[in-house]
Amino acid sequence: MQIIHRKKPTKTHAKTSDVVLIQHEAPTKTRVKTFDLVLTAILSTLVLVSTVFINIKLPIGQGGLIHLGTAALFIVAILFGPKKGALAGSIGMGLFDIFGGWIIWAPTTIIARALQGYIVGKIAWSKGHRGDSVRLNILAAVVSTPVMLAVYYVGQGIMYWNWVAPLASVPGDIIQSVVGLLVAIPLCLALKKTTFFRKKF
């Protein structure tokens, strides 16, 4: 009988394999992070452009505007989830305030829209869904609106040290959310049926 001794891999060989594996994984992780960063920038720009595109100053309140930024925020949060919704909403509308002559509103906007985007995405992506439930998407937009209103109310109250005047802006903010909801839900429903979102998100 012949006994065959199998040579165990040396420590040097094992370490070399680990290094090769790490080197193979590193570029992949870098590409994913780069894609994520670029996607966030694109989505934030989409919110910014949507805010600028239709921009109607309301005759009531001290800063109320009607724009499509809220619709874009809803779309991003529903299609890409809470993190992207929070970042795109806060960055996009925050930049609009900073460069659009509303800089005093920027801190309040950043907080309000980050919370709104996160809430919409969290609800739309709950219970195993990924923005593909019309019922959850509508619920998400509706639930996020009072939070957004509350942050703007407190922010405006602090800015002007007046807790009655901010109430005048509430109707315009509600109209803005309703318009955003009516625009976003049909678009999300259509986009979710495309190959891109079926495969990737």
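1. The second largest cavity is lined by L149, Y152, Y153, P166, S169, V170 and D173. A cavity here is a set of points on a 1 Å grid over the protein atoms alone where a 1.4 Å probe fits but cannot get out, and lining residues have an atom within 4 Å of a point. Helix 5 (134–160) and helix 6 (170–191) are the elements that each give two or more residues to this lining. Helix 5 contributes the most, with three residues. Helices are DSSP runs of H or I with at least four residues, strands are E runs of at least two, and both are numbered from the N terminus.

2. Before going on, some bookkeeping: this is a predicted model, where local features need pLDDT of at least 70 and side-chain atom pairs count only at pLDDT 80 or more, while totals for chains, interfaces and linings use all residues. Residues are numbered from 1 along each chain as its sequence is written, and side-chain values use heavy atoms, with hydrogens and water left out.

3. Back to that cavity: its volume is about 40 Å³, taken as the space filled by probe spheres set on grid points that are joined across faces, edges and corners. The whole-structure search finds two cavities of 30 Å³ or more.

4. Helix 6 has 22 residues and spans 31 Å from first to last C-alpha, close to the 32 Å expected at 1.5 Å a residue; the expected span is 1.5 Å times one less than the number of residues. Its buried residues are G172, D173, Q176, S177, G180, L181, A184, I185 and C188. Buried means under 20% relative accessible area (1.4 Å probe, protein chains only). An α-helix has 3.6 residues a turn, so residues three or four places apart point the same way.

5. Beyond neighbours within four places in sequence, V76 is in contact (heavy atoms within 4.5 Å) with L43, L46, V47, G81, K84, G85 and A88.

6. For the chain as a whole, there are seven helices and two strands, in the order α-β-β-α-α-α-α-α-α from the N terminus. Of its 201 residues, 40% count as buried.

How values were computed. 1 Å grid on protein atoms, 1.4 Å probe; cavity = no way out; pocket = protein on both sides within 12 Å on 5 of 7 lines; lining within 4 Å. Buried < 20%, exposed > 50% of the residue type's maximum accessible area, 1.4 Å probe, protein only.
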